[in-house]
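My notes follow in the order I looked things up.

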Amino acid sequence: MRLADSEPDPAVADAELMRQLAAGRMEALATLVRRHQSVVRAVAFRMTRRDDLADDIVQEAFLRVHRSAASYYPTAAFRTWLYRIVSNLCLDRLRSPRLAALSEVAQAPQSASADAAALADERRNAVQAAIAALPERQRLAVILHRYEGLSHARIAESTGWSESAVESLLVRAYDTLRRQLQTFKD
Amino acid sequence: MCPQDTQLIRLVAGELPEPERRALADHIARCDTCQARQRELAATWDLLGEFQVPPAGRDLAPQILARARRAGLVRSAVAVAASLVAAAGVGIAVGLATLPGAPASPVAQTQPAVTEQQAIHAAGLDALGAEPLGFDELFVMGEEPQ
């Protein structure tokens, strides 16, 4: 079982915080933000590679949590619902025309370097560039799978996609990444 | 039989239940092609780990709370205004209907009773920028009498 699927589940505590938030207790929102903002930000940053956009998405995600508190019903884990919110926000933001050139800007130089630190930087840049170059849905699927540790089923639940769609996205994404990063493998 | 790519992905990601993992591992141990496939995928998986997220420059909770409180105040103000309008609308309809000898007003006849809850819900839709505007759904003007 993947770690993210089996770690201690604070679902009861999150659901209780949402109940408190619905009753108007703003400190419940503060707790939810502090508990989950790093996860939201990580997804947003990996999707956009922009600190400012990532922060914007974090804020908007929790404002949506706040707005929805009165109608929130814990049919799924809070984190799953939160992933759905941040996924939608990321995809919406990336559709903005001013971000269309993100993948072009992100290309890393391929020249070899004898310096170990410089080589590590090149490798890091190449990984980021390769992920940024993926189509948005493949990128999101990889981010949720590789970095958030979600299983195929949890990704489907978090995005609203079918499991077969998730499988297809991941197969294509990992194949592309394998080919793009061939040079940097030991 | 060689596994599909999705099964190898699940194996490398540690998603497979133990019996399935063992069966796949047994096959891979006997299959050069699948060994190479797994090796490539595992190397890609490890390399992807280089994408680290820089720590956030600041705690966003205070800013989020401030925005949420402002939004909450706006929604409350709109809800109060909405309930006042709704009450006024009901008052007018009742007043028109109770005037002695007054003909039945087409507005009073066509205007459905609006509860405070409906008015607050409509105000909420307006606050979220929903279309059509909440009030438009509630206050549909009847035709003028000929």
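Before listing elements, I settled the term: helices are DSSP runs of H or I with at least four residues, strands are runs of E with at least two, and both are numbered from the N terminus. I also reminded myself that this is a predicted model.

**Entry 1: chain B**

I read the elements of chain B from the N terminus on and wrote down α-α-α-α-α-α-α. That makes seven helices and zero strands. I then looked up burial and found that 27% of the 146 residues in chain B are buried. For the contacts in chain B with a separation of 6 or more, I noted that 61% join residues 24 or more positions apart.

**Entry 2: where the chains meet**

The area buried between chain A and chain B comes to about 3,700 Å², and carbon and sulfur atoms give 64% of that.

The rule finds five salt bridges across the interface of chain A and chain B. One that I looked at joins B:Glu40 and A:Arg178, with the closest N and O atoms 3.6 Å apart. For polar contacts between chain A and chain B, the count is 14 residue pairs, both residues at pLDDT 80 or more.

**Entry 3: the core**

I kept in mind that nonpolar side chains tend to be buried together in soluble globular proteins. Here the largest nonpolar core has 76 residues. Inside this core, A:Leu29, A:Val43, A:Val65 and A:Tyr174 have the most contacts. The element that gives the most to the core is α3(A), with 12 residues.

Leaving out residues up to four places away in sequence, A:Tyr174 touches A:Val142, A:His145 and A:Arg146 in chain A, and B:Ile9, B:Leu41, B:Thr44, B:Trp45 and B:Leu48 in chain B.

**Entry 4: helix α9 of chain A**

Is α9(A) mostly covered or mostly open? I found it mostly covered, with six of its eight residues buried. The buried ones are A:His152, A:Arg154, A:Ile155, A:Ala156, A:Ser158 and A:Thr159.

A:Ser158 sits in this helix, which spans residues 152-159. Why does A:Ser158 count as buried? Its relative accessibility is 0%, and the cut-off for buried is under 20%. Beyond residues up to four places away in sequence, A:Ser158 touches A:Thr80, A:Tyr83, A:Arg84, A:Ser87 and A:Leu150. Just after α9(A), I noted that A:Gly160 takes a positive phi of about 85°.

**Entry 5: a last stop at A:Ala13**

I found A:Ala13 in helix α2 of chain A, residues 11-22. A:Ala13 counts as partly exposed because its relative accessibility is 33%. I also checked A:Ala13 against A:Phe78, 65 residues apart along the chain: their C-alpha atoms are separated by 9.5 Å.

Terms used
Residues are numbered from 1 along each chain as its sequence is written. Chains are lettered from A and ligands numbered from 1 in the order in which they are written. This is a predicted model: local features need pLDDT of at least 70, side-chain atom pairs count only at pLDDT 80 or more; totals for chains, interfaces and linings use all residues. Side-chain values use heavy atoms; hydrogens and water are left out. Buried area is the accessible area (1.4 Å probe) that two parts lose on being put together, summed over both. A salt bridge is a side-chain nitrogen of Lys or Arg within 4 Å of a carboxyl oxygen of Asp or Glu. A polar contact is a pair of N or O atoms within 3.5 Å; within protein, one must be able to donate a hydrogen and the other to accept it, and residues adjacent in sequence count only if both atoms are side-chain atoms. A nonpolar core is a set of buried Ala, Val, Leu, Ile, Met, Phe, Trp, Tyr and Cys residues joined through side-chain atoms within 4.5 Å. Buried means under 20% relative accessible area, exposed over 50%, partly exposed in between (1.4 Å probe, protein chains only). Contact means heavy atoms within 4.5 Å.
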